[in-house]
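Dear colleague,

I am passing on the structure we spoke about, with notes on what turned up in it. Please look through them alongside the coordinates.

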Amino acid sequence: MGSLETERTTTGWAARDPSGVLSPYTYTLRNTGPEDVFIKVICCGICHTDLHQAKNDLGMSNYPMVPGHEVVGEVLEVGSQVTKFRVGEIVGVGCIVGCCRNCRPCNTDNEQYCNKKIWFVVKIPDGMAAEQVAPLLCAGVTVYSPLKHFGLMESGLRGGILGLGGVGHMGVKIAKAMGHHVTVISSSDKKKVEALEHLGADDYVVSSDAESMQKIADSLDYIIDTVPVFHPLEPYLSVLKLDGKLILTGVINTPLQFVTPMVMLGRKVITGSFVGSMKETEEMLDFCKEKDLNSMIEVVKMDYINTAMERLEKNDVRYRFVVDVAGSKLE
């Protein structure tokens with residue numbers, strides 16, 4: 001293991017301004033601290049939130065910015081107080097790598113809601129391919145966490161997945177593996193064959209088709225809403241059963257609206273969920289390994305990153321880009 005005292009530099013691809021265009025950027029890393037894990041990145045998935053952040057869509061971006069939070073890598077060094085990870089192991093880095101450890105969320109295995117959160121490392125189960133795991137660290141746990149938290153893991157439930165992208169396609173796979181009847185709700189029929197024949201969905205409804213939406217009225221126990229842009233909520237509230245839950249997971253930079261009777265007449269719930277805890281991430285990875293669930297990906301090199309971001313913005317990917325960082329020239 002190398003020295004923990006030597007300052008080092010590394011190269012990533014960064015956005016410098018709200019254009020979101022990425023280019024090589026060399027920067028200095030802090031010394032590996034006693035609780036740190038230093039990894040060599042193997043691959044990284046591209047999430048729609050990366051696009052939001054690179055383009056400052058949420059008004060909180062700082063530049064230069066190296067996006068990416070679905071990272072799989074090899075441990076090169078560990079700090080003196082690290083006991084869970086060893087040099088040479090393959091690990092994942094998702095959205096959370098640190099927290100205060102003292103607040104109520106931290107003390108109840110909900111550290112993703114800690115007001116002082118930073119980001120964590122999780123061990124990848126043996127036998128899982130790095131490029132397949134990368135999207136699970138955000139897209140996979142984003143679906144798994146609310147299903148677990150809201151008691152929606154029992155077999156026989158009827159669920160809806162609104163939006164069939166990176167998160168949505170994993171939503172279909174995970175919900176089906178739990179034994180749910182899954183309906184995909186999409187803005188067009190372009191992905192109907194893929195949803196039914198390749199992902200295993202039970203039904204597919206186009207949201208603008210009033211007759212089809214009426215047929216599934218009051219039928220779903222929950223909807224995982226993955227859409228990352230503004231959209232009305234009333235059409236989806238109408239297809240929920242009594243006490244049904246509309247769970248928002250897409251990052252949207254404009255206010256959503258609905259009329260209150262749509263919630264009151266059915267005691268329905270509109271709620272949200274943000275990725276998942278370390279415990280949930282580990283459980284989700286074990287669940288996906290047990291059920292042999294894989295993400296559907298398109299692997300690209302780093303020099304394709306800006307084209308990939310443009311295609312992602314147009315929803316032109318089936319269903320997640322993963323950057324082969326280890327096999328790319330970064331400078």
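Strand β8, residues 181-186, is joined to β9 by four bridges, and the two run parallel. One point to look up in the viewer is Thr183, whose bridge partner in β9 is Asp203. Please keep in mind that this is a predicted model.

The β8-β9 pair belongs to an open sheet of six strands, in the order β9-β8-β7-β10-β11-β12, with parallel pairing. At the edges are β9 (203-206) and β12 (269-272), each of which pairs on one side only. On average, neighbouring strands of this sheet are turned by 20° against each other, with direction ignored.

Helix α5, residues 166-177, lies across β7 (158-162), β8 and β10 (220-225).

Is His52 buried or exposed? Its relative accessible area is 6%, and because buried means under 20%, His52 counts as buried. A polar atom of the His52 side chain lies 2.9 Å from the backbone oxygen of Val251. Val251 is also among the residues that His52 touches; leaving out residues up to four places away in sequence, the list is Asp57, Leu58, Ser61, Pro228 and Val251.

Regards

Notes:
Residues numbered from 1 in each chain as written. Predicted model: local features only at pLDDT ≥ 70, side-chain atom pairs only at ≥ 80, totals over all residues. Heavy atoms only, no water. Pairing = 2+ DSSP bridges. Axes fitted to C-alpha atoms, helices over the stretch in contact; angles between N-to-C directions. Contact = heavy atoms within 4.5 Å. Buried < 20%, exposed > 50% of the residue type's maximum accessible area, 1.4 Å probe, protein only. Polar contact = N/O pair within 3.5 Å; in protein donor to acceptor, adjacent residues only side chain to side chain.
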